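Biologist: Could you take a close look at one part of this model for me, namely the salt bridges and the helices that carry them? Please spell out the cut-offs as you go.

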Amino acid sequence: MSTDIINQNLRNVIQICYEMLEIADRGDTYRQDSGCGAVYGRLRDAAYKIRRQAEHELLCHERGDTGHGSTMNNTQNKTVHKPQNLKGKKDE
């Protein structure tokens with residue numbers, strides 16, 4: 001399979017993770033109980049972990065690392081998600 005296709009699939013995964021984070025943020029804004037909060041928390045955690053791993057794989061491809069199952073230290077490639085303001089107000 002072409003590296004371009006593989007990398008595009010990884011970029012698609014990263015985009016989906018950003019959508020997962022937006023859903024979690026929106027859900028937390030309008031939730032009514034802690035059970036829903038737990039669901040959104042798990043969704044957010046999964047999105048961060050999956051995104052971090054996909055970003056790591058993209059970096060490996062850019063560096064030419066082709067080994068399978070490359071390990072990633074938990075301190076590598078951490079990025080911070082800045083939630084979008086979902087109510088239409090400007091960020092302060």
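**Salt bridges between and within the helices**

Modeller: E55 is buried, with a relative accessible area of 15%, where buried means under 20% relative accessible area, exposed over 50%, and partly exposed in between, with a 1.4 Å probe and protein chains only. This is a predicted model, in which local features need pLDDT of at least 70 and side-chain atom pairs count only at pLDDT 80 or more, while totals for chains, interfaces and linings use all residues. Residues are numbered from 1 along each chain as its sequence is written, and side-chain values use heavy atoms, with hydrogens and water left out.

The partner of E55 is R51, and the closest N and O atoms of this salt bridge are 3.6 Å apart; a salt bridge here is a side-chain nitrogen of Lys or Arg within 4 Å of a carboxyl oxygen of Asp or Glu. R51 is buried as well, at a relative accessible area of 1%. Both residues belong to helix α2, 4 residues apart, which is about one turn of the helix; helices are DSSP runs (H or I, at least four residues), numbered from the N terminus.

The structure holds 4 salt bridges. Another of them joins R44 to D25, with the closest N and O atoms 3.0 Å apart. Because R44 lies in helix α2 and D25 in helix α1, this pair ties together parts that are 19 residues apart in sequence. R44 is buried, with a relative accessible area of 17%, and D25 is buried too, at 13%.

R44 also forms a salt bridge with D28, where the closest N and O atoms are 3.1 Å apart. That pair links distant parts of the chain, R44 being in helix α2 and D28 in helix α1, 16 residues apart. Taken as a group, D25, D28, R31 and R44 are linked in a network of salt bridges.

The buried residues of α1 include D25 itself, along with L10, I14, C17, M20, L21 and A24 among others, and the buried residues of α1 pack against α2 (34-63), where contact means heavy atoms within 4.5 Å. The 28 residues of α1 should span 40 Å at 1.5 Å a residue, and its end C-alpha atoms are 41 Å apart, which agrees; the expected span is 1.5 Å times one less than the number of residues.

Definitions and conventions
Helix = DSSP H or I, 4+ residues; strand = E, 2+ residues; numbered from the N terminus.
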